[in-house]
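Trainee: I would like to learn how to read side-chain contacts. Can we work through an example together?

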Amino acid sequence: MKNKVLIKLIIPTIDDSFDVFIPVNELIWKVKVLMLKAAFSLEDVEIKNELSYILMNRDSGRIYHNNEIIINTDIRNGSELLALPNKE
């Protein structure tokens, strides 16, 4: 499990949260798309565009850019990430 971290994904638009293992050697956008597709399908809610969401660290307020690799960020075991719709 050295190549994965356990995070808590919080999605306010569906008022739910999920504990998810994510790989540390992947790009943010790839992991974000997979997590959001899974979460919205579990809640039986349709999502139009997963890339229109941003990931933000709940504690630090840092917004992660799509082309960052997870290991190069401050995402570690126990991090709480908010998936928020991007208003831009």
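This is a predicted model: local features need pLDDT of at least 70, side-chain atom pairs count only at pLDDT 80 or more; totals for chains, interfaces and linings use all residues.

Trainee: Are Glu26 and Lys30 buried or exposed, or in between?

Mentor: Glu26 is partly exposed, at 27% relative accessibility. Lys30 is also partly exposed, at 37%.

Trainee: How many salt bridges does a search of the whole structure find?

Mentor: The search finds four. One of them joins the side chains of Glu80 and Arg58, with 2.9 Å from N to O. This pair links distant parts of the chain. Glu80 lies in strand 5, residues 80-85. Arg58 lies in the loop between strand 3 and strand 4. The two residues are 22 apart.

Trainee: What is the accessibility of Glu80 and of Arg58?

Mentor: Glu80 has a relative accessible area of 22%, so it counts as partly exposed. The cut-off for buried is under 20%. Arg58 has 49% and is partly exposed. The cut-off for exposed is over 50%.

Trainee: Which side chain does Glu68 meet in a salt bridge?

Mentor: Glu68 meets Arg62, at 2.3 Å from N to O. Compare their accessibility. Glu68 is buried, with a relative accessible area of 17%. Arg62 is partly exposed, at 28%.

Trainee: Which residues do salt bridges with shared partners join into one network?

Mentor: Arg62, Glu68 and Asp74.

Trainee: Now the rings. How many aromatic pairs does the search of the whole structure find?

Mentor: It finds one. Phe40 and Tyr53 form that pair. Read two values: the distance between centres and the angle between planes. The centres are 5.9 Å apart, and the planes are at 65 degrees. An angle over 60 counts as edge-to-face, so this pair is edge-to-face.

Trainee: Are Phe40 and Tyr53 buried or exposed?

Mentor: Phe40 is buried, with a relative accessible area of 3%. Tyr53 is buried too, at 11%. Both values fall under the 20% cut-off.

Terms used. Residues are numbered from 1 along each chain as its sequence is written. Side-chain values use heavy atoms; hydrogens and water are left out. Rings of Phe, Tyr and Trp (its six-membered ring) pair if their centres lie within 6.5 Å; planes under 30 degrees apart count as stacked, over 60 as edge-to-face and the rest as tilted. Buried means under 20% relative accessible area, exposed over 50%, partly exposed in between (1.4 Å probe, protein chains only). Helices (H or I, at least four residues) and strands (E, at least two) are DSSP runs, numbered from the N terminus.
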